[in-house]
Every structure is written in structure tokens, then in C-alpha cells.
Amino acid sequence: MSFAKGGERKLEKVSVIETPSYDQTVVNAAVARHFQLHGMEEKLHPGMKVLVKPNLLLKRRPEEFTTTHPTVVEAVIEALKGYGVTDIVIADSPGGLYTRVQLAAIYRASGMEDVARRQGVALNLETGSGEVSAPGARCCARFTLIDPVRRADMVVSVGKVKTHGMTGLSGGVKNLFGCIPGLMKPELHCQFPEKGSFGHMLVDLCECVRPGFTVMDGVEAMEGDGPSGGTMRRVGLTFAAENPYALDLGLCRLMGLDESSVPTIAAAKERGLSGGYGEGMEIVGDFTDIAPIPGYQKPRSASVDFSAHVPRMFRRPVAWLEKKASPKPVIRRQGCIGCGKCAESCPQKTIAIVEKKARIDYSRCIKCFCCHEMCPVKTIDIKRNLILHR
Ligand code: SF4
Ligand code: SF4
């Protein structure tokens, strides 16, 4: 497995460090070890422009375990400064509109504003973007990226360990989706509606952005219906890698997910960018292996793939049944406040707000679960056809 194309394949390191709390001293020590274990002193130097890219998704407070915890972002900045890097900007393009007002509100709620002030680093409020070509792309040869990504000498991605309704897990590769400005993200969902093509698009994006280092906050992770509607699982670990594909294999193992069900992992494997867990990679730090967490809750939208396991003559009807049984977003009308965030983020424009309540026209729904992800009051459930699942 190698993130660099061609040349000799090196063993990809994934570091796992016990990080029992969000106490700043504890997190600083863990993150400093991650940087050391990956020899980051050789890759960082004064004068570099570094973008620190958290996962901010939507306006949530740190204790809602949806966004990267500010102590982890602050520890990354401390580590960068320790290597003489001072030109640092924190930036993300969360879901919804990419406007100055939205960004300011999300930075404030997530604790990023305080981190930037304490550390004296820039917080991106500009909303410019531009096109960048994606070399060797499988399905998306050009991406529009937010300006801080285009300007950075190195992107340090600082994500949150979470399950994800569409992609199984929200790891190092998926965190880069926030390099795409605002509502261009639903456009990409529309362009690549199937999980397989969406996974390849995310790998194209990863190859385009090429993050220099990825740190994942798994102190308080999310299980169940992530990336915004799940429940908190205290994992007490942080993870890091130079290679985001290797990192995601480690997280997939941690959550007990089937690698073939995570479209980014399947796409990276298909393209020879990664193997399976343990192939061409080593676990370093406090552990030499990653064990699945017993009972880690999967998203209810996790795909059912029986058709590959039945005789060919039965595959069609089984595939039909699978489609019928596949989960869909269902709005609990009572809880809906009519804010329109779901409609705004729906790539198919298939949600209407009628009498201050959201309503989905399922005939055009591609089951991307963006609406579920963006609902601020968690009133969109993911439901299966129960009769078919008895
Ligand atoms: S209704 Fe929800 S799941 Fe369906 S296409 Fe729109 S955002 Fe995606
Ligand atoms: S379902 Fe959620 S996001 Fe959609 S309008 Fe209602 S409260 Fe807002």
C-alpha cells in the first residue's frame, strides 16, 4: 500500500494512542506522540502554509460529539508550532451554505473560534474557491476546492471517528469532502448517486487534495446513525497516519464493519491504492493491532447484500427485495421545525416544506441521507421495511 504513486511500496503506519479524556494536557501529549511516530519533523518546516481541516459538518457544540473536539485541533496546532510552523489556518466547508455568516456561527459553536484566538492562528471566513485537476482520476477529473486548500503547502486533516449513513464510516478520506464548497457537495451526490461511484469520487478527491497527515479524534466517537444522528461511544483513542486509506482500514476494523461495505475502502482497493487491513501496514503507538469494539453500533442504513451470495437464477428477485428493503429517511413530523436545512442539502431537490413541515417525494430519493445528516433537531429517522427484515 502506498499513497505515493509508483516506486517502492513502504509499510504504512497507523498510530493508535490511548487518549482517555479531552483534558488539553492529555490530548497534547497524545497528538505530539502521533507526530513523532510518523517522523513529521522531516516534513514540516518554518515558512510552510498549513491548513488544519477539522470535521465541522453542522452547528453543534463539542459535547454533542459530532464535530472534531477543539482540544484535538488545538493539540495539532501546538504540535505544528513545535516544528516551527506558524502560517496556520483552520478551515472547513461544513454542510449547507458556504457563507461567512454560517462559517462564523459554526466556528463559534464548535469551539474553533476560541482555539484560533488562543493560538493566534487564522480562521478562514473567506468563501472563495477554484478548480483543481485531479491527476489519475477514475470518475472526477476536476474539483472545485475552497481557497485555503488550494493555497496550503500541506493539509492536516483532523477528523472525528463516526459511523456514516452512506459511506459506513466517516474517516480520513470522507473528511476531505469538506474541501468542496457548500452546496457543491449535494451536486456531487447527484452526479455520483451510487455508493460505488461516490466512493471512487471521494478517492479521486483524496488523490487531488493529498493530505500530508491525518489525525482522528476517537476520544468520544459516534456509533449508530452517524455522522450526526448517532450516539456517543467512549473509545478513548486517537489515531493518525500519513496514508488516509490505511487509517480508514484501521477505523473500519475498530467499528467491526465489513471492508467491502465501505465504498472508499472498496474503491481504494480496486485501484491498488490499498490492500485489506494489515496488508502493507503496521499499527504503532500503544497497540500493535486494532481489535473490533464489541457491539459497536452500525448505521441502520448499512446495506444488505444478499444477492452476491445466492445462486445466479435467484439474484434478480433477491436484488429487487433488497431494493425494497433498503432503508430510507423518514421525517417525524411532530419534531420538524420547518427550518428547510434538509431541503437545502438534498441533491435531488425532492424535499418540500409544506405548512412548515418537511415532506419527501421518495420517487426521486437516492438514499444519500444528506437530509438526515443536516437536520439540526434529529427528526429524520432511517427506517427499513420491517416486514422484509423479519
Ligand atoms: S430525500 Fe434525503 S436521502 Fe433522499 S435524496 Fe434527498 S437528501 Fe438524499
Ligand atoms: S426535517 Fe429537520 S432539517 Fe428538515 S425542515 Fe424539519 S427540522 Fe428542518
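1. A residue is near a molecule if one of its heavy atoms lies within 4 Å of it. Around ligand 2 there are 14 residues, of which Cys336, Cys339, Gly340, Cys342 and Cys375 come nearest. The shell comprises 10 nonpolar, 3 polar and 1 charged residues, where Ala, Val, Leu, Ile, Met, Phe, Trp, Tyr, Cys and Pro count as nonpolar, Asp, Glu, Lys and Arg as charged, and the others, Gly among them, as polar.

2. The model is predicted, so local features need pLDDT of at least 70, side-chain atom pairs count only at pLDDT 80 or more, and totals for chains, interfaces and linings use all residues. Residues are numbered from 1 along each chain as its sequence is written, chains are lettered from A and ligands numbered from 1 in the order in which they are written, and side-chain values use heavy atoms, without hydrogens and water.

3. Helix H3 spans residues 100–110, and its buried residues are Leu103, Ile106, Tyr107, Ala109 and Ser110 (buried: under 20% relative accessible area; exposed: over 50%; 1.4 Å probe, protein chains only). They lie on the same side of H3 because they cover an arc of only 170° around the axis, taken from the directions from the helix axis to the C-beta atoms. The face turned away from that side carries the exposed residues Val101 and Arg108.

4. Asp381 belongs to strand E15, residues 380–383 (helices, of at least four residues, and strands, of at least two, are DSSP runs numbered from the N terminus). Asp381 is buried, at 14% relative accessible area. Its side chain makes a polar contact with that of Arg332, at 2.9 Å (a pair of N or O atoms within 3.5 Å; within protein, one must be able to donate a hydrogen and the other to accept it, and residues adjacent in sequence count only if both atoms are side-chain atoms).
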